[in-house]
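Try each task yourself before reading its solution.

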Amino acid sequence: MKKSKKEYRNHLNETRVQNHRYKKHHILAWVMGIVALVAVVATAAYFASIYFKAKNAVDKTYDPHTAVKTTGEFNGKKRFAVLLMGTDTGALNRTKKRGRTDTMILAVVNPAKKHYTLVSIPRDTMAQMVGSEETFLTEKINAAYEIGGARMAMDSVSELINVPIKYYAVVNMGGIMKMIRYVGGINIRPTLSFEYGGYVFEKGKLTHMGGAGALAYSRMRYDDPKGDYGRQERQRQVIVTLIKKAVSISSLSNLDSILTSVSSNVRTNLPFSALQQIAMNYRNCANSSSSDYLHGYNAEIKDAAYQIQPTSELQRISDLVRSELGLEKEVVQNNETFQNEQNEANGFSFKSGKTQYYHIYDYTGEGDN
């Protein structure tokens, strides 16, 4: 049927309205698509920026002088150990380039158990400085890093408890102050009440700590009934709390400052690729942990206070760590077990509650060094 002129004009008008609506909808969809695309690109760019900033910061922490092969090592199935060390240089007027390590913790990751173990090595533990130019030099274990760097520290701990150690990470405790400031401080419940460095801490009371306060909290030693063991516990508490705060969304605004602090105050022989693999492949190990430490005896060597580890204690920790690493147990035989044997033969008793003198014998057994 032929349309009238009026019907034809109405039809044209309706068509124009529909086309206009279609065009508006099409343009709106196109604009929304562009906005979505920009949002995706911006988000990707943001996370790419975080990734490259993190990679750049971590790359600066890498120590090529102690590099070891890591290809295929962190596949989520293999067990591994990392020596964690904390130095106290560059803070509160301590300016030595490379100081002694106040904290030494061997972290052992066991994916078979979905578990990790932290074993503390007391800083005053008597040990041979492996790799020293002076044959069988005996010092406190915390001197190894100062004398021969990370390599001597790893080798000395390895020899002490007869376990293989290839990886390490060392953090400057003074640098922790800056990181804590950048994340806006941390909240901690002190494990005991004490006053140190002008700061007062109350056991069990949730306390907000800035960088200097947290350093004071983690540094105090002599007023702690547990001595160095208590201090190591508080240092671990500060570091764990800081890590949780540093990776929170609220800290992203200070990402540049945090990463700069990390790159300036951490050294490790684990490259960025290895740390990525550990984060991806061992996440299920992070929820279960246990801790232990070498239980030593107080003694004096040439008027200096030491912790002497009984042979039975060295063997216990060696068995524990080797078991977690999937290695067969072996009898510990080293400089320390030799010194124990010589000292006990000459009247030293690990059952005595008194501080005794402990002598360092040479391997010919012909007297003191």
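**Exercise 1.** Find the residues with the most contacts inside the largest nonpolar core, and the elements behind that core.

*Solution.* Start with the term: a nonpolar core is a set of buried Ala, Val, Leu, Ile, Met, Phe, Trp, Tyr and Cys residues joined through side-chain atoms within 4.5 Å, where buried means under 20% relative accessible area with a 1.4 Å probe, protein chains only (exposed is over 50%, partly exposed in between). The largest one holds 31 residues, and L83, M85, L106 and I161 have the most contacts inside it. Next, the elements giving two or more residues are β1 (80-87), β2 (101-110), α2 (143-161), β6 (167-172) and α8 (311-324); helices (H or I, at least four residues) and strands (E, at least two) are DSSP runs, numbered from the N terminus. Of these, α2 gives the most, 10 residues.

This is a predicted model: local features need pLDDT of at least 70 and side-chain atom pairs pLDDT 80 or more, while totals for chains, interfaces and linings use all residues. Numbering runs from 1 along each chain as its sequence is written, and side-chain values use heavy atoms, without hydrogens or water.

**Exercise 2.** Work out which parts of the chain the R231–D102 salt bridge ties together.

*Solution.* First check the pair: the N to O distance is 3.8 Å, and a salt bridge needs a Lys or Arg side-chain nitrogen within 4 Å of an Asp or Glu carboxyl oxygen. Then place the partners: R231 sits in helix α5 (residues 228-246) and D102 in strand β2, so the bridge ties parts 129 residues apart in sequence. Both R231 and D102 are buried. Finally, shared partners join D102, R123, D124, K140, R221 and R231 into one network.
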